[in-house]
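Dear colleague,

Please find below the structure that I am handing over to you, followed by a summary of what was found in it.

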Amino acid sequence: MNLVHGEILDAKECDNVLDHLEQDILTTLSKGRLDPQLVIAACDKVLNNLDEADYMRTMNELGINESLSRSYISEARQMFGKESLLHRLAVELGDTYGNPVTFQPIFKEFSVTQQTLPLGVLLHIAAGNADGLPAFSILEGLLTGNINILKLPAAEGGISVRLLLEFIKAEPLLADYIYVFDYTSKDVEHIEKLISVADAVVVWGGKEAVSALRRIIPPNTKLIEWGHKISFAYVTDLGMTTGGLEGLAKNIVETGQLLCSSLQGIFLDTNDMDKVYEFCRRFLPVLDQAISLRSQDIGMGIKSQVALKLYAEELEGIYSNSRVFRGGSCSLIAYPDKTLDTSIQFGNAWVRPLPRAELLSTLRPYKNYLQTVGLLCGQSELPLLSDILFKTGVVRVCPGENMSLTYCGAPHDGEYPLRRYTKTVNIEQDY
Amino acid sequence: MSYARKLFCYRKIYDLENTNELFLHAILENVRHHMDNCPEYAKIVAHCDFAIEEVKTMDDLYKIPPIPTVFLKNHTLYSVSPKHLMLKSTTSGTSGKVSEMALDWPSSLRGIGMIKGMFFTNKLISPRLTNYVVLGYQPARRNKIGAVKTAYATTYAAPAVHRVYALKDTGTEYVLNIEGIKKALIRYEKSGLPVRFMGFPAYFMFLLKELSDSGIKLTLHPKSLILLAGGWKQFLAEKVDKPTLYAMSKEVLGLGGDRIREFFGAVEHPIAYFDCPNHHFHVPVYSRVIIRDVNLQPVGYGVPGLLNLITPMMTSMPFVSVMTDDLAVLHPGEECGCGNRSPYFEILGRVGLADIKTCAANASELLDIKKGGST
């Protein structure tokens, strides 16, 4: 689906739009700036008029169960409410956003007026890995006053365009700041055209998507990457409490291990494989219990994949002392190596030994992929261990059950998104 | 003569009923051979608590531990010493990992027996002089991809006058040879001899588009044949719309759907499956197909599950029972309607979800780091 100036267009009409896109953008830029208050008010209006039942139905069609849908909606109400958005602007952009600050630089005889302004035009290359994520990316672009062009991901169910139409309905002025195009990622010719009008390209997705774009984005066009990340747990003897383990199980079960903040596996602060096996025997019933409380709606394709991978892992046992511990609809695989990798997911995690003395050297090669660590340790160990983890590249340390929870104003992958979508400019004048 | 050799010489290639006993003997002989000669295979079956005495009838075939193809991509297992290996093949490695396969002399003989049986039964052997268009690599010593060899080997099914390759070997690299093919085809039309095309469906579609764009329209000899091959994976990923393909072929080459035959096989299970006139893949006497549920237990006709392929063809490697990462369903032969009573199977897709919604970094990204590659 293509959306331009609040209207749904077909492919041919889009070609016409593309022919005068540059001119179109100049027209919008020459108007006044987009006031964040307008965007916040529009958001508030959309939330107030939200047809919950309708969204619940749509989510149900996407295979998201009722309780999860409810929690998504209540989370969305919090995240996109006026209070939250104002808080984000204040935290992420500071006081200077919309308020120029004038000062005299030290050692200099002139005055400087500095302010934070939108980058201009953002091209969002969204990934299809989270429903509605493309609309969320656009909202962040709007909040910072940018004109936003969205290239839809292939597997978009239409939720994003629908949300954006509601925004435009709530505030018709937004129509000029939102373009959505449905070109495929292979359509380099059209994508290059979109890149040519953008100040920055915001890309969500895995290595392949990012590498492909890097090849076609000209130097000096800003590339803002939100790449795929990996998260895990680190458990010490002191941290091995029932409550802590239940927290880890909760994250595994609630996220299906599909998020960049989801637990893929658990490193234990030991070098002793017997301790790793012992941990598996202790944690498996906890995980089993958590899974049995929440039935997973996974299809046959996934179930077969899990069955096949687990079976293959069992056969791997003839080469090393890796061992598969099977629960009802979950498993733990104990490996003797110190590799960080993606788990089989859907309730199947790995467990590996990694003494704290080897944390830094083992994890450092993965620095650009690390995100969250669910850290189970004693209070006295927290400062030292979290410091080592941050040196490896990790950006967030929290209890297991919080790994995939966020809060208003939280940095994303170690950065403030709104800040990345703005620039700091200054005017210098003689005194 | 071994049971397997007898089986692969059997000429009624879809007569499963009368070869059940022979097949069972051949399988037991093959399992014993691998247990005795491949220590890893012996370990695997022991790990699965398998004892060969458990297999008493054809209904017990499922008890033989199937080896997942994902496992074979990590480990290359041999049941003969390297000096007995002749033909080597690898998968084209679309997923990054590569499976290796090599044949020794007994496996090759069986393979030849199978090819003969398949080609005769499917009326692919012809004494007529034929021109060939191979939509793939020109064979070269350095190229080990299985599909290259299959494509080249099939050019012997009818005496070759001339062969033209889509990817031509310049000695140091391969170059796309579309112009060469165009010229050759125009010449082939004039020569009045049948033409055989060999390649993957997507390549054939590409060729048709190229010809059509250049305004080339041919009427090739009516006995010409288009043989489309592929492993399961390519076959599925391409999503070539068959009716469109047939219609284009009729228009550009003068050869309709009745001159197009498809066949495929996998490196880990080198049995060639040809499609019947209803485009179904029936199981020949050389193999058996078991569909398994998520507990790896066998299921009956009409129930989708994991595809497990069984054959006693290989003595060089323990590929006696392999489990692919495809989901499939088995149908009784009678359901097809082509007259072939042997069961046929339909591939439903790969396990997992193609568009699985995850933002967790995936295994291949992290594997690069593990290997010390760039991040």
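**The three-stranded sheet of chain A**

In chain A, 3 strands form an open sheet, arranged in the order S3-S4-S17, and their pairing is antiparallel. Strand S3 (101-103) and strand S17 (422-430) of chain A are the edge strands, each of them pairing on one side only. From one strand to the next, the twist averages 20 degrees. Please bear in mind throughout that this is a predicted model.

The pairing of S3(A) with strand S4 (residues 110-118) of chain A is antiparallel and consists of 3 bridges. Within this pairing, Val101(A) has Gln114(A) of S4(A) as its bridge partner.

**Domains of chain A**

The domain assignment divides chain A into domain 1 (2-228 + 413-430) and domain 2 (230-402). Domain 1 of chain A is therefore written as two segments, with domain 2 of chain A given as one range. The C-alpha centres of these two domains of chain A are 35 Å apart.

**Helix packing in chain A**

Helix H3 (residues 36-48) and helix H6 (residues 82-93) of chain A pack with their axes 9 Å apart, at an angle of about 150 degrees. Since angles over 145 degrees count as roughly antiparallel, H3(A) is therefore roughly antiparallel to H6(A). The crossing of H3(A) and H6(A) is right-handed. On the side of H3(A), the contact is made by Pro36(A), Ile40(A), Cys43(A) and Asp44(A), and on the side of H6(A) by Lys82(A), Leu85(A), Leu86(A) and Leu89(A). By class, the contact of H3(A) with H6(A) has 6 nonpolar and 2 charged residues, and no polar ones.

**Helix packing in chain B**

In chain B, helix H8 (residues 201-213) packs against helix H10 (residues 242-253) at an angle of about 40 degrees, and their axes are 10 Å apart. This angle makes H8(B) oblique to H10(B). H8(B) and H10(B) cross in the left-handed sense. From H8(B), the residues Pro201(B), Met205(B), Leu208(B), Leu211(B) and Ser212(B) meet Leu245(B), Met248(B), Ser249(B) and Val252(B) of H10(B). The contact of H8(B) with H10(B) divides into 7 nonpolar and 2 polar residues, with no charged residues.

**A hairpin in chain B**

Strand S9 (residues 260-266) and strand S10 (residues 269-274) of chain B are joined by 3 bridges in the antiparallel sense. S9(B) and S10(B) form a hairpin, with 2 residues between them. One of the bridge pairs is formed by Phe264(B) and Tyr273(B), the latter lying in S10(B).

Finally, which parts of chain B supply at least two residues each of the side that touches chain A? In total, 30 residues of chain B are in contact with 36 residues of chain A. The elements of chain B that each supply at least two residues of this side are helix H3 (39-47), helix H4 (69-74), strand S15 (321-331) and helix H11 (363-370). H11(B) provides the largest share, with 5 residues. The side of chain B that touches chain A is made up of 18 nonpolar, 5 polar and 7 charged residues.

With kind regards

Note on methods:
Residues numbered from 1 in each chain as written. Chains lettered and ligands numbered in written order. Predicted model: local features only at pLDDT ≥ 70, side-chain atom pairs only at ≥ 80, totals over all residues. Contact = placed C-beta atoms within 7 Å. Helix = DSSP H or I, 4+ residues; strand = E, 2+ residues; numbered from the N terminus. Nonpolar A, V, L, I, M, F, W, Y, C, P; charged D, E, K, R; others polar. Pairing = 2+ DSSP bridges. Axes fitted to C-alpha atoms, helices over the stretch in contact; angles between N-to-C directions. Parallel < 35°, antiparallel > 145°, perpendicular 65-115°, else oblique. Left-handed = near helix turned anticlockwise from the far one by under 90°.
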